[in-house]
Amino acid sequence: MKQKTVNQIALYTGLTLLALIWLIPVITVMFTSVKSSADFFSGMGLFELPEELQWRNYRNAWVEGRLGLYLKNGLIVCFIKVPLSVLFASLLAFALTRLGIKHSRSLFIFVLVGMMLPQQIALIPLNLVYSRLHLTNTYLCLILTYIGFGIPLATMVFRGFFAGLPKELDEAARIDGCGNLRLYATIIMPLSKPAIASAVIMDFLYTWNEFMLQSVLITNDSMKTVPNGLLSFFGEFTVDYGLLNAGVLISILPVFLIYLMFQKYFVSGIAGAVKG
Amino acid sequence: MLKQKKTRYLFMVPAMLIYCAVVVAPALYSLFLSLFKWNGLGKMTFVGLTNYVNLFTKDQVFRIALKNNLIWIILTIVFTMTLALLLAVLLNRKFRGRVVYRAIFYFPYMLSWVVIGIVWRWIYNPNIGFLDELLHFLHLEHLSIVWLSEPKIALYCVFIAALWQGIGQPMLYFLAGLQGVPKELYEAAEVDGANKAALFFHITIPQLKETFVIVFATLTIASMKVYDVVYVMTNGGPVNSTQTLASYMYSQTFSYTNLGTGSAIASIMMLIMMVIIVPYVLYSTKED
Amino acid sequence: MKKNGLCLLLALALMLGLFAGCSNNQQGDEPSAPPAKTDEPATPPADNEPADPAAGEVTLTFWTPTWRQAAEEPIIADFMEKYPNIKIETTFMSSDDIKANTKIAASSNTLPDMWYNWGGVLADFFAQNDLCLDLTDYAAGHDWNNRFLAGALEQVAYEDKMVGLPQNLVGIVMFYRADIFQQYNLTVPTTLEELEAVCDTLLANGIIPMSTYGNAMMRTHEALLEYYAGEEEHDSLLSLKTDWSQSEAVTKSFAKLKEWIDKGYFPSTVLTEDANSSTMLVYTGSAAMIMENPGMSSAIYANGYNPEDYAWFVFPTGTGRISAYAKLCQFNANITDEKLEAAMLFWDYYYSQESITAHDAIEQPTATIGVELPENYALADGMLEAISENGSFTVMDLKVAPEVMSQYFATCEAVILGTITPDAAGAEIQAAVESYLANQ
């Protein structure tokens, strides 16, 4: 028992130290978000707070930066795109791991290769095709493109998790007369909450923060999503640090909420998945 | 059973269709472009492998960038992956407050690069920087330098910022992977009297085989494509010492409008990633 | 026209198949098929009247930088109120995006009706490829010589074309802290020796003489290059006609730069500073001088500093010439006459005294003749006159191709860090020049 307490203390001390190191830059961001430009130009230290906290940086970021509008666009895209992406990728991963498809490893590598394509290089052909199809400036083109680029990562996550689930599950289900779709929907997916959680978190974050494709495919200001909206805080050569940091902190709220909602599915191991 | 066999390919259709249209087609197009000299407009001139040959024989910046990317991959695999695994294992234990710790380590991954670049430049700044205050506090002032201006260490300074920001993602995958490890395995081993280290090396690591595939592949790919962090912190300088393939590709494509050369760099990047990742994936996913 | 290649056809086919089922969604009013070509020069519009209402609605698409959003949104709103039949659809983009996205749009034929550009090589790209309207005839028909500053018109000319409408004429001058100069009895230097004497005095009093950052080091160096090379050789170097490796002026200018670095004329952190932190050193009085563009005037004002503590002088280049460039608006080569007429009405309004009085966020000084500077730009007074009196050379990074500039910046850093000697610098740059020229 003694040993356990010592271990516990060592664990807490180590983690707390590391967490503090991790927090230093985060604290800088938070402190910066309540400073005015004058505070910077007076040479105030990074860990000093001004006497008058500039909460209006948040208000200005919201109103002048029109974050509300951009947030709405981002949420529309994410709420349509992320579930579709998770569905398509998990179906694919299910087929690759549990349906005995020939060359499933080669197919997996084929999907993996897509992640290796630098997105910048896809800009020109995608813009060409979408503009020919009159699809630029629509949510549809963003959603399709993001699904395409999100599929490899999500597929990997699901494939990795599915491959770890014991084969006995399928055999038992097959004996009970389960078809493919039922096996996927009633046995595999319910067991895969941790995989779904990490896929949703990562996919949401990717979609929320992507701005290279978006800046080309969306030229209508009222259709833009958050990252491009934040750029309006930049001058030609200068930045309003306070406003930018406030804007960034507002803009990560939805992602952080998604993270908090889904992280609870990481709960120290599945029990009872393997019986006999 | 026959019906089940037929329908199984349908599961792949939606994902594969979108993936091929949006990702594979542009990738092939880029491969095709790399054989041409083209400024994005007007006539395309077929030049065969000239773009590739020039990069390897004449281009100093390309060589630096290539070297930097390879260093970056090694640093990421050695430090980011190890630390992420360690954190995931620790944070997978049951204790009060683990949710908070997980959130702290994941938080930087959500922040935008533009802000991270600004903050880390401050940290490294000798006039206002946290790092130099720390050295001062520890009476190590003599070690203080203009961190990001030293061509020999600038890349490593940038890497530390990337490590800080990027640890959350692999940690999350490892956490998800750890959920898939059946508790029974540990219980059985403990009955046999195995110690913690033995449990870790004989159960945790082998059980995470599939997760390692994800982490290894995503980290290698991210290292090969590293761009934003360099762009915001050093913009490739000083003297090109932090130039990477992705930043150089961007310059070639959009500043110099050498689309052929830009595409050639992209193709080389993809090839290198494949050479590193594919054998690992083939080995790890071998059916027993 | 464009050869799209087999793979693109494949992509197209796949995507067409994919979209067949769901293509009736959200059809926006994005640019449709390119309009009919109008090869004849634009007919001169009636200048003072709004476009004929009977002509119906005109919609203009316009790409412009985010850092002008605060200034341009009210202008556009006011303009559209005044001319209800003209609609301007604006997209604000970051500096990098506007550079990249106009090129991407160029290769898929989706350029907007008008877009912002910094001029120089960046604007010439569109002229070389016949993507922007050549305004030579329009300018001749609309008396541009009396509307815009000669210096600005010079900057928007490319070969025999006029590549855009000049918005601002920007000169790089040395801003300094007048209060600090007074405190140490310093006078404005008129020669390089005097400048060095000023720097030595400041240095002796613990003040960093000149602040600058990263690539902005080019501003000091190109002034030194002008000093050592003189007009003719400097221009010839920038147009890549003179061999950089054979030029003594190149060696001397880099040697002087290195000498200044070693003496401590610049902050020790010069390579890692950014625009914000380098001006901050001047605001806090840690540094006394900085080479900047006129935007510095409004920044001093906007950040609440006393403009009387600041003033500027022309870097003593010997020839007196000032480094300058013109910011401009380019028009789509396929723009219809009707749209062009509407666009010109917009720009007439944008730079009218009425609009400038109403919108003090407009970037100054403008290239338009006879416009008064608002209070926040009072410090920039006299800059345009100085440019026209002293003459100008195009700022290096807009005159020299980006490929060569990358090498130039790296060489500059190497000289500063001492990894190469100043006499080796010219050869490094020349190698980049030759590989660039061979590639053309």
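With a relative accessible area of 37%, C:Asp134 is partly exposed; buried here means under 20% relative accessible area, exposed over 50%, and partly exposed in between, using a 1.4 Å probe and protein chains only. The structure is a predicted model, in which local features need pLDDT of at least 70 and side-chain atom pairs count only at pLDDT 80 or more, while totals for chains, interfaces and linings use all residues. Residues are numbered from 1 along each chain as its sequence is written, chains are lettered from A and ligands numbered from 1 in the order in which they are written, and side-chain values use heavy atoms, with hydrogens and water left out.

C:Asp134 sits in the loop between α4 (120-128) and α5 (136-141) of chain C; helices are DSSP runs of H or I with at least four residues, numbered from the N terminus. Together with C:Asp137, C:Glu159 and C:Asp160, C:Asp134 forms a negative surface patch. Such patches are made of residues with over 30% relative accessible area and no salt bridge, with like charges joined within 9 Å. A salt bridge is a side-chain nitrogen of Lys or Arg within 4 Å of a carboxyl oxygen of Asp or Glu, and Asp and Glu count as negative.

Turning to chain A, A:Thr32 belongs to helix α1 (residues 2-32). A:Thr32 is buried, its relative accessible area being 1%. Leaving aside residues up to four places away in sequence, A:Thr32 touches A:Phe40, A:Asn57, A:Tyr241, A:Gly242 and A:Asn245, as well as B:Trp122 of chain B; contact means heavy atoms within 4.5 Å.

The backbone deserves a look as well. Most residues other than glycine have a negative phi, and most peptide bonds are trans. A:His103, however, has a positive phi near 55° and is placed in the loop between α4 (67-98) and α5 (104-116) of chain A. A:His103 counts as exposed because its relative accessibility is 60%. Phi is also positive, near 65°, at A:Asn137, a residue of the loop between α6 (119-132) and α7 (139-164) of chain A. A:Asn137 is buried, at a relative accessible area of 13%.

Cis peptide bonds come next. One joins B:Gly237 and B:Pro238, with omega about -10°, and B:Pro238 lies in the loop between α13 (228-233) and α14 (245-255) of chain B. In chain C, a cis peptide bond links C:Gln364 to C:Pro365, with omega about -15°; C:Pro365 is found in the loop between α15 (353-358) and α16 (383-390).

Key. Patches are made of residues with over 30% relative accessible area and no salt bridge: like charges are joined within 9 Å, nonpolar side chains (Val, Leu, Ile, Met, Phe, Trp, Tyr) within 5 Å. Accessible areas come from the Shrake-Rupley method with a 1.4 Å probe; for residues, only the protein chains shown count as cover. The place of a charge is taken as NZ of Lys, CZ of Arg, CG of Asp or CD of Glu. Helices (H or I, at least four residues) and strands (E, at least two) are DSSP runs, numbered from the N terminus.
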